[in-house]
Amino acid sequence: MKKTLLAAVAVASALAFASTAFAGPADTFNGPYLGAEAGGSVSGTTVDTDAGSYDLYGQGVAGGIFAGYGMTFGNFYVGGELNGTFGSLKSEDLGASIEKDYGYGIAARGGYVLGKGTLGYGVVGWERARFDLKDDVSSSKEWVDGLRIGAGIEQGVSDSVSLRGELNFIKWQDKDFGVDNIDAHEITAKVGLSYRFN
């Protein structure tokens, strides 16, 4: 958790510096775009078994690609985005482990252009990822759906290029892995770079 919070603070500081160093135009955020991002995640998972329940906590790296479309209406911004995620977020204890490796999702973004090409925004979306639950005697892989809620700051550094930092919370739905059930959540901090075709 501390590493994630430190990463988020570093991202915010970098973007605050960028907002004073660059003055991207307001229409930097209009049109289709592609990008890539990287960062880190922490997670908490409760595993219920026939023998009882136990909690697993973990951390890992996170990366991804994204594509979307957005428009500004005055200072207000509305957009949508598709994403693909990959990384290694692993929780393990007492001979059991659960690992999330890759997935995809869709989200809506809404925000406000704060000036000097700086966009503050919120995110609400749906995520789907593959989880691998292992113990001393078995292994089971399942796809799990989740609700994503987040917030970020995006800074235009030219007419087409922007830098962003984003913090997300994902609540994964309860899922049965054979005789076991998991209840997981995740906090992710990422820095991304996007190119807009305008």
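Which strands each supply at least two residues of the nonpolar patch? The points below lead to the reply.

1. Basis of the note. This is a predicted model, in which local features need pLDDT of at least 70, side-chain atom pairs count only at pLDDT 80 or more, and totals for chains, interfaces and linings use all residues. Residues are numbered from 1 along each chain as its sequence is written, and side-chain values use heavy atoms, with hydrogens and water left out.

2. Overall fold. The protein contains 1 helix and 9 strands; these are DSSP runs numbered from the N terminus, helices being H or I of at least four residues and strands E of at least two. In sequence order the pattern is α-β-β-β-β-β-β-β-β-β.

3. Of the 198 residues, 44% are buried, where buried means under 20% relative accessible area, exposed over 50%, and partly exposed in between (1.4 Å probe, protein chains only). Taking contacts (heavy atoms within 4.5 Å) between residues at least 6 apart in sequence, 63% join residues at least 24 apart.

4. Strand pairing. Two strands pair if DSSP finds at least two bridges between them. The hairpin formed by β2 and β3 has 2 residues between the strands, and G74 in the turn has a positive phi of about 70°.

5. A buried polar residue. Q155 belongs to strand β6 (residues 139–156). Q155 counts as buried because its relative accessibility is 0%. Its side chain makes a polar contact of 2.4 Å with the side chain of T118; such a contact is a pair of N or O atoms within 3.5 Å, and within protein one must be able to donate a hydrogen and the other to accept it, while residues adjacent in sequence count only if both atoms are side-chain atoms.

6. The surface patch. F73, F76, V78, Y112 and L114 make a nonpolar surface patch of about 550 Å². F73 is found in strand β2 and counts as exposed because its relative accessible area is 54%. In reply to the opening question, β3 and β4 (96–115) each supply at least two residues of the patch. In a regular strand, side chains alternate between the two faces of the sheet.

Conventions:
Patches are made of residues with over 30% relative accessible area and no salt bridge: like charges are joined within 9 Å, nonpolar side chains (Val, Leu, Ile, Met, Phe, Trp, Tyr) within 5 Å. Accessible areas come from the Shrake-Rupley method with a 1.4 Å probe; for residues, only the protein chains shown count as cover. A salt bridge is a side-chain nitrogen of Lys or Arg within 4 Å of a carboxyl oxygen of Asp or Glu.
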